[in-house]
Amino acid sequence: MTGYPSLRRPVASESDRGARDIGSRRKESSDMSGKGKDEALLQRIADMMAAGLETQTEPFPETEKEFGEILTELRQLSPDDLRSKLVISGFVDHPYGPEQQRCFECMYYLVHRKWCDLPELSVPVEPDWWCRLWRI
Ligand code: SF4
């Protein structure tokens, strides 16, 4: 077990962050109509993890190649195969590792929508959850 990811994406410039924030806000706003649906799905995921769903938290993808391999696996799933999506990405319903990493600090997390914006996942998440595709 490594626990510590060594892979880091380049830090976005202030203008990049601004553009991303604006894009995220637009998306969050346009997605508000699906709020009830998101909440139901969030509860379904929470229930699956509370019931003891075992997911693949290791190995953590240390390189872009390993990261890409997990994404490729996810893309091959049927869109309604939520369980496999959670297993392959290593979902847990608590902070993870020595650094207690959380969705909240992940670059894919949309704070106001409580949503994972990584296209291969694209699911509601709680800020204190984590998966092995975590990135900053
Ligand atoms: S990629 Fe993983 S850690 Fe990041 S927001 Fe999505 S579910 Fe959370």
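**H3 against H4**

I started with the contact of H3 with H4. Ile-70, Glu-73 and Leu-74 in H3 meet Lys-85, Ile-88 and Ser-89 in H4. I sorted the residues of this contact by class and got 3 nonpolar, 1 polar and 2 charged. This is a predicted model, so I read every value here as computed from that model.

Next I looked up the geometry. H3 and H4 pack at an angle of about 170°. Their axes are 10 Å apart. The angle is over 145°, which makes H3 roughly antiparallel to H4.

I checked the length of H3, residues 64–75. H3 has 12 residues and reaches 16 Å from its first C-alpha to its last. That is close to the 16 Å expected at 1.5 Å a residue. How many of the 12 residues of H3 are buried? The count is 1, and I noted H3 as hardly covered.

**H4 and its end**

H4 covers residues 82–89. I listed its buried residues: Lys-85, Leu-86, Ile-88 and Ser-89. What covers the buried residues of H4? The cover includes H2 and H3.

I then stepped past the end of H4. Gly-90 follows the helix, and its phi is positive, near 75°. Pro-59 is 31 residues away from Gly-90 in sequence, yet the two C-alpha atoms are 9.3 Å apart.

**Pro-59**

That took me to Pro-59. I found it in the loop between helix H2 (35–50) and helix H3 (64–75). The peptide bond that joins Glu-58 and Pro-59 is cis, with omega about 0°. Is Pro-59 buried or exposed? I counted 12 C-beta neighbours inside 10 Å. Exposed means 12 or fewer, so Pro-59 counts as exposed.

**Positive phi outside glycine**

I looked at Gln-100 next. Its phi is positive, about 50°, although Gln-100 is not a glycine. Gln-100 sits in the loop between H4 and strand S1 (109–110). It has 11 C-beta neighbours inside 10 Å and therefore counts as exposed.

Ser-122 is another such entry. Phi of Ser-122 is near 50°, again positive in a residue other than glycine. Where is Ser-122? I placed it in the loop between strand S2 (115–116) and strand S3 (123–124). For Ser-122 I counted 13 other C-beta atoms within 10 Å. Buried needs 20 or more and exposed 12 or fewer, so Ser-122 is partly exposed.

**Around the ligand**

I turned to the ligand and its shell. There are 13 residues around the ligand. Which of them come nearest? I wrote down Cys-103, Cys-106, Cys-116, Cys-131 and Trp-134. By class, the shell has 13 nonpolar residues, no polar ones and no charged ones. I note that Cys counts as nonpolar in this sorting.

**The whole chain**

Along the sequence I read the pattern α-α-α-α-β-β-β. The chain has 136 residues, and 19% of them count as buried. I also checked how far apart contacting residues lie in sequence. Among contacts with a separation of 6 or more, 73% join residues 24 or more positions apart.

How values were computed. Residues numbered from 1 in each chain as written. Predicted model: local features only at pLDDT ≥ 70, side-chain atom pairs only at ≥ 80, totals over all residues. Helix = DSSP H or I, 4+ residues; strand = E, 2+ residues; numbered from the N terminus. Contact = placed C-beta atoms within 7 Å. Near = placed C-beta within 6 Å. Axes fitted to C-alpha atoms, helices over the stretch in contact; angles between N-to-C directions. Parallel < 35°, antiparallel > 145°, perpendicular 65-115°, else oblique. Expected span 1.5 Å × (residues − 1).
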